[in-house]
Amino acid sequence: INSITWNALFWIILLFISINSISKSFMGEKKERNFYYYYIASPEAIILSKIIYNALLMLFLAFTAYIAFSTILEVNIKDQSIFLLNLFLGAIGFSNTLTLISGIVSKANNNGTLMAVLSIPVMIPILLVLIKISIHAIDGLSRNLIYDKLMILGAINLILVTLSFLLFPYLWKS
């Protein structure tokens, strides 16, 4: 397959891998455990620990998927370092977004369908930026064209972490 198809397939598969793996973040816990967490830790500590765990999980899954995709469907990535940085920022962005959405869905009777319905529209802007950066890295275009998109991706990640810290305490207390 050509590089554009490889890129699109890679990011779409990674999106669904992340939705399936991170959706269990809050939904896999029982009400009794949540009550226990409520009394021993602050909401900020809980969301931070969930974000860190999900980021590590997502980084492992992303790099494993990259190795599998590169082995099975060979593609020539001209700027490997930019692609790997993009993969790192994308995995962090997926984990930040989906951790907060998993917390929201856990308060709504743990419906798995709701996780997909809420997360896909929120993930589309991140996914579009990731695909654009990846296309630039695969084609080996000038790094000057990529830096602004990488800054946008970093800013999105920073905004998501800030929103999680601001919104999760209200969600946790309800």
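Start by selecting Asn54, which counts as buried because its relative accessibility is 2% (buried means under 20% relative accessible area, exposed over 50%, partly exposed in between, with a 1.4 Å probe and protein chains only). You are looking at a predicted model, in which local features need pLDDT of at least 70 and side-chain atom pairs count only at pLDDT 80 or more, while totals for chains, interfaces and linings use all residues. Residues are numbered from 1 along each chain as its sequence is written, and side-chain values use heavy atoms, with hydrogens and water left out.

Asn54 sits in helix 4; helices here are DSSP runs of H or I with at least four residues, numbered from the N terminus. Now show its contacts, meaning heavy atoms within 4.5 Å. Leaving aside residues up to four places away in sequence, Asn54 touches Ile22, Ser25, Ser95 and Thr99.

Next, turn to the rings. A search of the whole structure finds nine aromatic pairs. Rings of Phe, Tyr and Trp (its six-membered ring) pair if their centres lie within 6.5 Å; planes under 30 degrees apart count as stacked, over 60 as edge-to-face and the rest as tilted.

Select Phe10 and Phe69: their ring centres are 5.5 Å apart and their planes stand at 70 degrees, so this pair is edge-to-face. Phe10 belongs to helix 1 (residues 3-22) and Phe69 to helix 4 (residues 43-72), so the pair ties together parts that are 59 residues apart in sequence. Both Phe10 and Phe69 are buried.

Then pick Trp11 and Phe94. With ring centres 6.4 Å apart and planes at 90 degrees, they also form an edge-to-face pair. Trp11 is in helix 1 and Phe94 in helix 5 (residues 80-106), 83 residues apart. Trp11 is buried at 0% relative accessibility, and Phe94 is buried with a relative accessible area of 0%.

Which residues do ring pairs link into a cluster? Colour Trp6, Phe10, Trp11, Tyr66, Phe69, Phe83 and Phe94 to see it.

Of its 39 residues, Trp6, Phe10, Trp11, Leu14 and Phe94 touch the most other members. Helix 1, helix 4, helix 5, helix 6 (112-139) and helix 7 (144-173) each give two or more residues to this core. Apart from it lies another core of seven residues, including Phe26, Ile46, Ile47 and Trp172.

How values were computed:
Core = buried A, V, L, I, M, F, W, Y, C linked by side-chain atoms within 4.5 Å.
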